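Trainee: I would like a close look at a single residue and its surroundings. Please set it in the context of the whole chain.

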Amino acid sequence: MAGPLHDVRDHVVSMIVAGELLPGAALPAERELAIRLGVSRPLVREALRSLEAVNIVESRRGAGTYVTDLTPELLLAPLTYAFRLVHGSYLDLFQVRRFLEPAAAAEAASTVKEDSLVEMDELLKALDEPDEDTFPENDLAFHEWIVRQTGNPLLLSIIRGIRDLEFTVLEVTAANTVNREQSQIEHRAIGKAIREGDPERAKAAMLLHLARVEDQVRSSGTERPASAGEAH
């Protein structure tokens with residue numbers, strides 16, 4: 001059941017959503033918020049701390065509390081910690097991707113604009129580079145481009161929120177030249193289906209690609225994130 005703490009948090013978020021507080025703007029002083037909402041200053045302070053924990057606001061010593069830049073990457077960063085704390089495996093990550101990305105590829109094939117295909121070609125060309133250090137970032141950029149074509153900001157935010165997890169997986173799979181070359185063949189198959197406006201083929205090509213990379217992860221023995229002790 002919602003209580004005063006939830007009400008204070010909800011009020012601040014509502015101010016942001018309504019445009020009363022823009023990214024980077026200073027929040028009203030704790031005293032002002034307490035008077036406005038009829039609650040104590042310690043309760044306001046606790047509510048702001050909880051919003052800071054999820055990257056909605058930030059406290060600046062001696063300067064007050066400010067709205068963050070509210071980028072999806074910042075807001076969804078806690079997903080990475082949640083994933084590790086619930087002992088998720090990278091195979092769980094691929095299941096999420098199988099739910100979302102084939103449908104996104106199909107939607108992209110139905111809605112993509114001609115000028116967007118120029119960017120797709122540039123991304124595919126970048127993936128042709130044999131550099132294993134740049135491959136993970138270029139791979140993620142290509143997949144994000146597909147999701148952007150759906151025009152769905154929530155879906156894009158989710159995909160961006162799991163970027164760090166995906167990057168870790170790609171660092172492992174990209175270390176193998178054959179894997180990189182096969183990924184690029186699959187990327188081009190996805191891109192070709194999108195260019196030709198074939199949703200079913202785009203969906204199938206994405207499913208095939210994700211299934212193969214998932215098999216690589218299984219065979220690599222890196223199905224789970226390293227623990228704190230293993231990371232050092």
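Mentor: Start with the terms: helices and strands here are DSSP runs, a helix having at least four residues and a strand at least two. On that basis the chain has twelve helices and two strands. The model is a predicted one. From the N terminus the order is α-α-α-β-β-α-α-α-α-α-α-α-α-α.

Now the overall picture. The C-alpha atoms fill a box of roughly 60 × 45 × 35 Å along the principal axes. Of the 232 residues, 39% are buried. Take the contacts between residues at least 6 apart in sequence: 69% of them join residues at least 24 apart. The chain exposes about 12700 Å², and carbon and sulfur atoms supply 55% of that area. There are 25 positive and 38 negative charges, and their mean positions lie 5 Å apart.

The residue to look at is Arg201. Arg201 sits in helix α12, which covers residues 199-220. Its relative accessibility is 31%, so Arg201 counts as partly exposed; that class lies between the buried limit of under 20% and the exposed limit of over 50%.

Next, its partners. Setting aside neighbours within four places in sequence, Arg201 contacts Lys192, Ala193 and Glu196. With Glu196 there is also a polar contact, side chain to side chain, at 2.4 Å. Finally, look at Ala109. Ala109 and Arg201 are 92 residues apart in sequence. In space, their C-alpha atoms are 9.0 Å apart.

Key:
Residues are numbered from 1 along each chain as its sequence is written. This is a predicted model: local features need pLDDT of at least 70, side-chain atom pairs count only at pLDDT 80 or more; totals for chains, interfaces and linings use all residues. Side-chain values use heavy atoms; hydrogens and water are left out. Buried means under 20% relative accessible area, exposed over 50%, partly exposed in between (1.4 Å probe, protein chains only). Contact means heavy atoms within 4.5 Å. Accessible areas come from the Shrake-Rupley method with a 1.4 Å probe; for residues, only the protein chains shown count as cover. Lys and Arg count as positive and Asp and Glu as negative; His and the chain ends are not counted. The place of a charge is taken as NZ of Lys, CZ of Arg, CG of Asp or CD of Glu. A polar contact is a pair of N or O atoms within 3.5 Å; within protein, one must be able to donate a hydrogen and the other to accept it, and residues adjacent in sequence count only if both atoms are side-chain atoms.
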